[in-house]
Amino acid sequence: MRIQQIHLHHIRLPYVHPFETSFGRELSREAILVAVESDDLTGWGECVSGSGPWYSYETIGTAWHVLADFLAPALLGQEISQPEQVAPRFSRVRGHAMARAALENAVWDLLGRAQGVSLATMLGGARNAVPVGVSVGIEPTLDELLAQVEGYVAAGYARVKLKIKPGWDVQVVRAVRERWPQLALQVDANSAYTLADAARLAELDAFDLLLIEQPLHHDDMVDHAVLQRRLRTPICLDESIHSPEHARWALDIGACQIINIKVGRVGGFTAAKAIHDLCMARGAPVWCGGMLETNIGRAGNLALAALANFTLPGDISASARYFHHDVAAPDFTLNADSTISVPEGPGAGVEILPERLAAARLRHLALG
Ligand code: OSB
Ligand code: MG
(Lines give C-alpha, C1' and ligand atoms only; values in the text may rest on other atoms or scores of the structure.)
(Ligands and ions follow the chains in the order given, each with its own letter.)
Protein backbone atom coordinates (compact mmCIF):
# COMPACT_ATOMS: atom_id res chain seq x y z
CA MET A 1 0.00 0.00 0.00
CA ARG A 2 1.20 3.46 -0.83
CA ILE A 3 1.26 5.89 2.13
CA GLN A 4 -0.45 8.96 0.68
CA GLN A 5 -1.28 11.24 3.61
CA ILE A 6 -0.38 11.49 7.26
CA HIS A 7 -2.36 13.57 9.77
CA LEU A 8 -1.27 14.63 13.25
CA HIS A 9 -3.94 15.52 15.82
CA HIS A 10 -2.85 17.01 19.16
CA ILE A 11 -5.65 16.36 21.66
CA ARG A 12 -6.38 16.89 25.33
CA LEU A 13 -8.83 14.84 27.41
CA PRO A 14 -9.56 15.51 31.12
CA TYR A 15 -9.05 12.51 33.42
CA VAL A 16 -11.94 11.08 35.42
CA HIS A 17 -9.62 11.42 38.45
CA PRO A 18 -6.25 13.25 38.73
CA PHE A 19 -3.20 10.99 38.34
CA GLU A 20 -0.14 11.58 40.54
CA THR A 21 3.23 9.82 40.34
CA SER A 22 6.60 10.52 41.93
CA PHE A 23 7.12 13.11 39.16
CA GLY A 24 3.90 15.07 39.57
CA ARG A 25 0.12 15.37 39.43
CA GLU A 26 -1.84 15.75 36.19
CA LEU A 27 -5.50 16.59 35.55
CA SER A 28 -5.68 15.74 31.85
CA ARG A 29 -3.98 13.71 29.13
CA GLU A 30 -2.47 15.29 26.06
CA ALA A 31 -1.67 12.98 23.16
CA ILE A 32 -0.90 13.03 19.46
CA LEU A 33 -3.08 10.80 17.33
CA VAL A 34 -1.49 9.85 14.03
CA ALA A 35 -3.63 8.91 11.03
CA VAL A 36 -2.01 7.20 8.03
CA GLU A 37 -4.02 7.16 4.80
CA SER A 38 -3.88 4.94 1.73
CA ASP A 39 -6.72 5.26 -0.79
CA ASP A 40 -9.91 5.06 1.25
CA LEU A 41 -8.37 3.37 4.32
CA THR A 42 -7.01 5.04 7.47
CA GLY A 43 -4.86 3.51 10.21
CA TRP A 44 -4.51 5.14 13.64
CA GLY A 45 -1.67 5.26 16.14
CA GLU A 46 -1.32 7.06 19.48
CA CYS A 47 1.80 8.88 20.65
CA VAL A 48 2.10 8.43 24.44
CA SER A 49 4.61 11.20 25.15
CA GLY A 50 3.65 13.44 28.05
CA SER A 51 2.98 17.16 28.09
CA GLY A 52 6.37 17.59 29.83
CA PRO A 53 9.64 15.61 29.93
CA TRP A 54 8.93 13.84 33.26
CA TYR A 55 8.57 10.13 32.51
CA SER A 56 10.72 10.43 29.38
CA TYR A 57 12.58 13.24 27.60
CA GLU A 58 9.93 13.04 24.88
CA THR A 59 7.08 15.54 25.01
CA ILE A 60 4.12 16.37 22.80
CA GLY A 61 6.29 19.14 21.36
CA THR A 62 9.33 16.98 20.54
CA ALA A 63 7.17 14.19 19.14
CA TRP A 64 5.25 16.64 16.92
CA HIS A 65 8.54 18.02 15.58
CA VAL A 66 10.11 14.59 14.97
CA LEU A 67 6.92 13.20 13.39
CA ALA A 68 6.29 16.18 11.13
CA ASP A 69 9.89 16.91 10.10
CA PHE A 70 11.58 13.49 10.00
CA LEU A 71 9.35 10.43 10.39
CA ALA A 72 6.36 11.33 8.22
CA PRO A 73 8.63 12.46 5.33
CA ALA A 74 10.47 9.10 5.56
CA LEU A 75 7.17 7.24 5.04
CA LEU A 76 5.12 9.43 2.68
CA GLY A 77 4.90 8.04 -0.83
CA GLN A 78 6.45 4.72 0.24
CA GLU A 79 5.03 1.34 -0.74
CA ILE A 80 4.49 -0.73 2.43
CA SER A 81 3.16 -4.29 2.45
CA GLN A 82 4.50 -5.52 5.83
CA PRO A 83 4.50 -3.56 9.11
CA GLU A 84 8.11 -4.64 9.72
CA GLN A 85 9.13 -2.47 6.73
CA VAL A 86 8.45 0.70 8.73
CA ALA A 87 11.11 0.59 11.50
CA PRO A 88 14.08 0.32 9.05
CA ARG A 89 12.88 3.52 7.31
CA PHE A 90 13.25 5.32 10.65
CA SER A 91 16.72 3.90 11.39
CA ARG A 92 18.45 7.30 10.98
CA VAL A 93 16.39 8.72 13.86
CA ARG A 94 18.01 8.18 17.25
CA GLY A 95 15.68 7.88 20.23
CA HIS A 96 12.21 9.45 20.01
CA ALA A 97 10.67 6.01 20.43
CA MET A 98 7.19 7.34 21.25
CA ALA A 99 7.08 9.34 18.03
CA ARG A 100 8.31 6.34 16.01
CA ALA A 101 5.83 3.99 17.69
CA ALA A 102 2.84 6.22 16.93
CA LEU A 103 3.53 6.12 13.20
CA GLU A 104 4.60 2.47 13.02
CA ASN A 105 1.51 1.42 14.96
CA ALA A 106 -0.75 3.42 12.66
CA VAL A 107 0.70 1.39 9.77
CA TRP A 108 0.00 -1.90 11.61
CA ASP A 109 -3.62 -0.75 11.99
CA LEU A 110 -3.81 0.29 8.34
CA LEU A 111 -2.44 -3.04 7.05
CA GLY A 112 -4.69 -5.02 9.40
CA ARG A 113 -7.72 -3.15 8.11
CA ALA A 114 -6.66 -3.68 4.51
CA GLN A 115 -6.22 -7.42 5.08
CA GLY A 116 -9.24 -7.84 7.38
CA VAL A 117 -6.99 -9.25 10.12
CA SER A 118 -6.92 -8.22 13.78
CA LEU A 119 -3.79 -6.71 15.27
CA ALA A 120 -3.70 -9.51 17.87
CA THR A 121 -3.62 -12.09 15.08
CA MET A 122 -0.92 -10.15 13.18
CA LEU A 123 1.24 -10.08 16.32
CA GLY A 124 0.70 -13.78 17.11
CA GLY A 125 -1.72 -13.44 20.03
CA ALA A 126 -2.38 -16.56 22.08
CA ARG A 127 -5.51 -15.56 24.05
CA ASN A 128 -8.71 -13.60 23.50
CA ALA A 129 -8.88 -11.96 26.94
CA VAL A 130 -5.96 -10.64 28.99
CA PRO A 131 -5.58 -10.35 32.78
CA VAL A 132 -5.46 -6.71 33.85
CA GLY A 133 -5.00 -4.54 36.90
CA VAL A 134 -5.22 -0.88 37.79
CA SER A 135 -2.45 1.64 38.49
CA VAL A 136 -3.42 3.82 41.47
CA GLY A 137 -1.75 7.20 41.78
CA ILE A 138 -0.46 8.94 44.89
CA GLU A 139 -3.33 10.55 46.83
CA PRO A 140 -3.32 13.56 49.18
CA THR A 141 -4.08 11.30 52.18
CA LEU A 142 -3.98 7.60 53.04
CA ASP A 143 -7.78 7.61 53.52
CA GLU A 144 -8.27 8.89 49.98
CA LEU A 145 -5.88 6.22 48.66
CA LEU A 146 -7.78 3.48 50.50
CA ALA A 147 -11.06 4.82 49.09
CA GLN A 148 -9.61 4.67 45.55
CA VAL A 149 -8.39 1.09 46.03
CA GLU A 150 -11.73 0.12 47.56
CA GLY A 151 -13.56 1.42 44.49
CA TYR A 152 -11.32 -0.53 42.12
CA VAL A 153 -11.53 -3.75 44.14
CA ALA A 154 -15.33 -3.36 44.17
CA ALA A 155 -15.24 -2.84 40.40
CA GLY A 156 -13.52 -6.23 40.05
CA TYR A 157 -9.81 -5.49 39.66
CA ALA A 158 -7.85 -8.44 41.08
CA ARG A 159 -4.46 -6.69 40.82
CA VAL A 160 -3.54 -3.23 42.05
CA LYS A 161 -0.35 -1.23 41.47
CA LEU A 162 0.46 1.54 43.93
CA LYS A 163 2.64 4.49 42.98
CA ILE A 164 5.27 5.05 45.68
CA LYS A 165 7.91 7.67 46.53
CA PRO A 166 9.98 8.44 49.65
CA GLY A 167 7.47 9.34 52.37
CA TRP A 168 4.65 7.46 50.58
CA ASP A 169 5.76 3.84 50.62
CA VAL A 170 6.01 1.30 53.46
CA GLN A 171 3.14 2.66 55.56
CA VAL A 172 0.87 2.93 52.52
CA VAL A 173 1.66 -0.58 51.28
CA ARG A 174 1.19 -1.95 54.82
CA ALA A 175 -2.26 -0.31 55.11
CA VAL A 176 -3.42 -1.69 51.74
CA ARG A 177 -2.01 -5.15 52.49
CA GLU A 178 -3.71 -5.30 55.92
CA ARG A 179 -7.07 -4.37 54.44
CA TRP A 180 -6.81 -6.71 51.38
CA PRO A 181 -4.61 -9.67 52.41
CA GLN A 182 -5.31 -11.62 49.18
CA LEU A 183 -5.07 -8.81 46.63
CA ALA A 184 -2.34 -9.16 43.99
CA LEU A 185 -0.28 -6.07 44.75
CA GLN A 186 2.76 -4.37 43.19
CA VAL A 187 4.44 -0.95 43.44
CA ASP A 188 5.98 1.54 41.00
CA ALA A 189 8.51 4.17 42.14
CA ASN A 190 9.18 5.82 38.76
CA SER A 191 12.86 6.22 39.72
CA ALA A 192 12.25 8.05 43.02
CA TYR A 193 14.95 6.20 45.04
CA THR A 194 18.71 5.63 45.12
CA LEU A 195 20.82 2.75 46.38
CA ALA A 196 21.07 4.63 49.70
CA ASP A 197 17.38 3.69 50.18
CA ALA A 198 18.03 -0.06 49.83
CA ALA A 199 17.14 -0.85 53.45
CA ARG A 200 13.84 1.05 53.14
CA LEU A 201 12.99 -0.77 49.91
CA ALA A 202 13.86 -4.12 51.54
CA GLU A 203 11.09 -3.44 54.10
CA LEU A 204 8.66 -3.93 51.21
CA ASP A 205 9.69 -7.61 51.10
CA ALA A 206 7.27 -8.14 54.00
CA PHE A 207 4.15 -7.49 51.89
CA ASP A 208 4.20 -10.27 49.31
CA LEU A 209 4.42 -7.94 46.32
CA LEU A 210 4.42 -9.30 42.76
CA LEU A 211 7.21 -6.86 41.90
CA ILE A 212 8.84 -3.49 42.53
CA GLU A 213 8.87 -1.39 39.35
CA GLN A 214 11.77 0.96 38.47
CA PRO A 215 12.89 1.97 41.98
CA LEU A 216 16.18 3.58 40.85
CA HIS A 217 17.45 6.03 38.23
CA HIS A 218 15.56 6.03 34.91
CA ASP A 219 18.69 5.16 32.90
CA ASP A 220 20.27 2.74 35.37
CA MET A 221 20.85 -1.00 35.22
CA VAL A 222 23.99 -1.40 37.33
CA ASP A 223 22.54 -0.13 40.62
CA HIS A 224 19.35 -2.10 40.01
CA ALA A 225 21.46 -5.27 39.78
CA VAL A 226 23.04 -4.42 43.14
CA LEU A 227 19.64 -3.69 44.67
CA GLN A 228 18.08 -6.89 43.30
CA ARG A 229 20.64 -8.91 45.24
CA ARG A 230 19.38 -7.25 48.43
CA LEU A 231 15.64 -7.79 47.76
CA ARG A 232 13.46 -10.90 47.75
CA THR A 233 10.80 -9.09 45.74
CA PRO A 234 11.48 -9.20 41.97
CA ILE A 235 12.55 -5.93 40.40
CA CYS A 236 10.72 -5.02 37.18
CA LEU A 237 12.24 -2.41 34.87
CA ASP A 238 10.13 0.11 32.98
CA GLU A 239 11.96 3.40 32.19
CA SER A 240 15.40 1.73 31.66
CA ILE A 241 14.30 -0.58 28.83
CA HIS A 242 14.23 1.06 25.38
CA SER A 243 15.10 -1.82 23.05
CA PRO A 244 15.61 -5.59 22.84
CA GLU A 245 19.31 -4.93 23.59
CA HIS A 246 18.42 -3.17 26.84
CA ALA A 247 16.24 -6.12 27.81
CA ARG A 248 19.07 -8.56 27.14
CA TRP A 249 21.59 -6.46 29.08
CA ALA A 250 19.24 -6.10 32.06
CA LEU A 251 18.59 -9.85 32.24
CA ASP A 252 22.29 -10.66 31.70
CA ILE A 253 23.42 -8.57 34.67
CA GLY A 254 20.48 -9.42 36.93
CA ALA A 255 19.09 -5.86 37.01
CA CYS A 256 15.54 -7.23 36.95
CA GLN A 257 13.57 -10.48 36.77
CA ILE A 258 10.53 -9.04 35.00
CA ILE A 259 10.08 -6.45 32.24
CA ASN A 260 7.25 -3.97 31.73
CA ILE A 261 6.78 -3.61 27.97
CA LYS A 262 5.31 -0.31 26.79
CA VAL A 263 4.98 -0.16 23.05
CA GLY A 264 5.63 3.60 23.00
CA ARG A 265 8.77 3.43 25.13
CA VAL A 266 10.39 0.81 22.87
CA GLY A 267 9.40 2.32 19.49
CA GLY A 268 6.50 0.23 18.23
CA PHE A 269 4.98 -3.23 18.00
CA THR A 270 7.93 -4.70 16.11
CA ALA A 271 10.36 -3.93 18.97
CA ALA A 272 7.77 -4.78 21.63
CA LYS A 273 7.30 -8.23 20.12
CA ALA A 274 11.07 -8.74 19.89
CA ILE A 275 11.43 -7.95 23.61
CA HIS A 276 8.56 -10.32 24.38
CA ASP A 277 10.22 -13.11 22.38
CA LEU A 278 13.62 -12.54 23.99
CA CYS A 279 12.16 -12.58 27.52
CA MET A 280 10.17 -15.71 26.72
CA ALA A 281 13.32 -17.50 25.55
CA ARG A 282 15.06 -16.40 28.74
CA GLY A 283 12.21 -17.46 31.05
CA ALA A 284 11.50 -13.90 32.20
CA PRO A 285 7.83 -12.91 32.46
CA VAL A 286 6.63 -9.65 30.90
CA TRP A 287 3.50 -7.53 31.28
CA CYS A 288 2.02 -4.67 29.34
CA GLY A 289 2.47 -1.23 30.85
CA GLY A 290 0.11 1.65 30.20
CA MET A 291 0.50 5.36 29.53
CA LEU A 292 -3.07 6.42 30.31
CA GLU A 293 -3.92 5.99 26.63
CA THR A 294 -7.13 6.71 24.77
CA ASN A 295 -8.98 3.70 23.36
CA ILE A 296 -6.67 3.86 20.31
CA GLY A 297 -3.57 3.04 22.35
CA ARG A 298 -5.45 0.76 24.71
CA ALA A 299 -6.67 -1.42 21.81
CA GLY A 300 -3.04 -1.89 20.74
CA ASN A 301 -1.97 -2.73 24.29
CA LEU A 302 -4.66 -5.41 24.51
CA ALA A 303 -3.51 -6.96 21.23
CA LEU A 304 0.11 -6.99 22.42
CA ALA A 305 -0.81 -8.43 25.82
CA ALA A 306 -2.45 -11.37 24.02
CA LEU A 307 1.04 -12.78 23.31
CA ALA A 308 1.94 -15.90 25.30
CA ASN A 309 4.63 -14.52 27.65
CA PHE A 310 2.47 -11.64 28.95
CA THR A 311 1.77 -13.75 32.02
CA LEU A 312 1.38 -10.93 34.59
CA PRO A 313 -1.66 -8.60 34.61
CA GLY A 314 -1.24 -5.48 32.49
CA ASP A 315 -1.81 -1.81 33.38
CA ILE A 316 -4.73 -1.87 30.97
CA SER A 317 -7.83 -0.76 32.80
CA ALA A 318 -11.40 -0.23 31.62
CA SER A 319 -11.98 2.92 29.56
CA ALA A 320 -14.14 4.37 32.37
CA ARG A 321 -11.06 4.50 34.64
CA TYR A 322 -9.48 7.14 32.41
CA PHE A 323 -11.84 9.48 30.50
CA HIS A 324 -15.53 10.42 30.41
CA HIS A 325 -15.62 10.75 26.61
CA ASP A 326 -12.95 8.83 24.72
CA VAL A 327 -12.12 9.73 21.10
CA ALA A 328 -12.60 6.14 19.85
CA ALA A 329 -15.15 3.36 20.30
CA PRO A 330 -16.06 0.89 21.60
CA ASP A 331 -15.13 1.49 25.23
CA PHE A 332 -13.37 -1.38 27.01
CA THR A 333 -15.00 -2.90 30.08
CA LEU A 334 -13.70 -5.22 32.79
CA ASN A 335 -14.86 -8.85 32.65
CA ALA A 336 -15.88 -10.63 35.89
CA ASP A 337 -12.50 -12.44 36.03
CA SER A 338 -10.43 -9.20 35.96
CA THR A 339 -9.66 -9.58 32.27
CA ILE A 340 -10.41 -7.35 29.28
CA SER A 341 -11.35 -8.94 25.97
CA VAL A 342 -8.94 -8.45 23.07
CA PRO A 343 -10.54 -6.59 20.12
CA GLU A 344 -11.34 -8.87 17.20
CA GLY A 345 -12.13 -6.40 14.41
CA PRO A 346 -9.65 -5.64 11.62
CA GLY A 347 -6.51 -3.77 12.71
CA ALA A 348 -6.64 -2.44 16.25
CA GLY A 349 -10.41 -2.95 16.21
CA VAL A 350 -11.56 0.50 17.36
CA GLU A 351 -13.11 3.34 15.37
CA ILE A 352 -12.35 7.03 15.78
CA LEU A 353 -15.34 9.21 16.72
CA PRO A 354 -14.85 12.33 14.53
CA GLU A 355 -16.97 14.68 16.66
CA ARG A 356 -15.18 13.60 19.87
CA LEU A 357 -11.82 14.04 18.13
CA ALA A 358 -12.83 17.54 17.01
CA ALA A 359 -13.96 18.45 20.54
CA ALA A 360 -10.67 17.29 22.09
CA ARG A 361 -8.37 18.72 19.39
CA LEU A 362 -5.88 21.52 20.03
CA ARG A 363 -3.89 21.30 16.76
CA HIS A 364 -4.03 19.50 13.41
CA LEU A 365 -1.44 19.07 10.66
CA ALA A 366 -1.92 17.34 7.30
CA LEU A 367 1.19 16.05 5.51
CA GLY A 368 1.55 14.71 1.98
O1 OSB B 1 5.27 4.24 35.16
O2 OSB B 1 3.77 2.91 34.48
C3 OSB B 1 4.15 4.06 34.64
C4 OSB B 1 1.44 6.52 33.53
C5 OSB B 1 2.21 7.54 33.03
C6 OSB B 1 3.58 7.44 33.09
C7 OSB B 1 4.18 6.31 33.66
C8 OSB B 1 3.41 5.28 34.15
C9 OSB B 1 2.01 5.38 34.11
C10 OSB B 1 1.08 4.40 34.66
C11 OSB B 1 -0.28 4.36 34.02
O12 OSB B 1 1.33 3.71 35.63
C13 OSB B 1 -0.89 3.01 33.90
C14 OSB B 1 -2.15 3.03 33.04
O15 OSB B 1 -2.09 3.48 31.86
O16 OSB B 1 -3.20 2.63 33.52
MG1 MG C 1 6.18 2.37 35.51
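The model is predicted: local features need pLDDT of at least 70, side-chain atom pairs count only at pLDDT 80 or more, and totals for chains, interfaces and linings use all residues. Residues are numbered from 1 along each chain as its sequence is written, chains are lettered from A and ligands numbered from 1 in the order in which they are written, and side-chain values use heavy atoms, with hydrogens and water left out.

The metal site comes first. The magnesium ion (ligand 2) is coordinated by Asp188 (OD), Glu213 (OE) and Asp238 (OD), at 2.1 to 2.3 Å. Donors are N, O and S atoms within 2.8 Å of the metal (3.2 Å for Na, K and Ca), and sites may look incomplete because water is not among the atoms. Along the sequence, the donor residues follow the spacing D-x24-E-x24-D. Asp188 belongs to strand 7 (residues 184–188) and Glu213 to strand 8 (residues 212–213), so this pair ties together parts that are 25 residues apart in sequence. Helices (H or I, at least four residues) and strands (E, at least two) are DSSP runs, numbered from the N terminus. Asp188 counts as buried at 1% relative accessibility, and Glu213 is buried too, with a relative accessible area of 0%. Buried means under 20% relative accessible area, exposed over 50%, and partly exposed in between (1.4 Å probe, protein chains only).

Next is a strand pair. Strand 2 and strand 3 pair in the antiparallel sense over seven bridges; two strands pair if DSSP finds at least two bridges between them. Val34 stands opposite Gly45 in strand 3. The two strands form a hairpin with two residues between them, and Asp39 in the turn has a positive phi of about 50°. Five of the seven residues of strand 3 (residues 41–47) are buried, so strand 3 is largely enclosed by the rest of the structure.

On a 1 Å grid over the protein atoms alone, a cavity is a set of points where a 1.4 Å probe fits but cannot get out, while a pocket is an open set with protein on both sides within 12 Å along at least five of seven lines; lining residues have an atom within 4 Å of a point. Grid points are joined across faces, edges and corners, and a volume is the space filled by probe spheres set on the points.

The largest pocket has a volume of about 410 Å³. Its lining has 29 residues, of which Phe19, Thr21, Phe23, Met291 and Leu292 lie nearest its centre. Strand 2 supplies the largest share of this lining, four residues. The second largest pocket, of about 310 Å³, is lined by 17 residues, with Tyr55, Ser56, Tyr57, His218 and His242 nearest its centre.

There are four cavities of 30 Å³ or more. The largest cavity has a volume of about 130 Å³, and the closest to its centre among its 17 lining residues are Glu46, Asn105, Phe269, Ile296 and Gly297. Helix 12 gives the most to this lining, with four residues. Domain 1 (5–116 + 354–367) and domain 2 (121–341) both give residues to the lining of the largest cavity, so this cavity lies between them. The domain bounds come from an automatic or database domain assignment. The second largest cavity holds about 50 Å³ of space, and strand 1 gives the most to its lining, with three residues.
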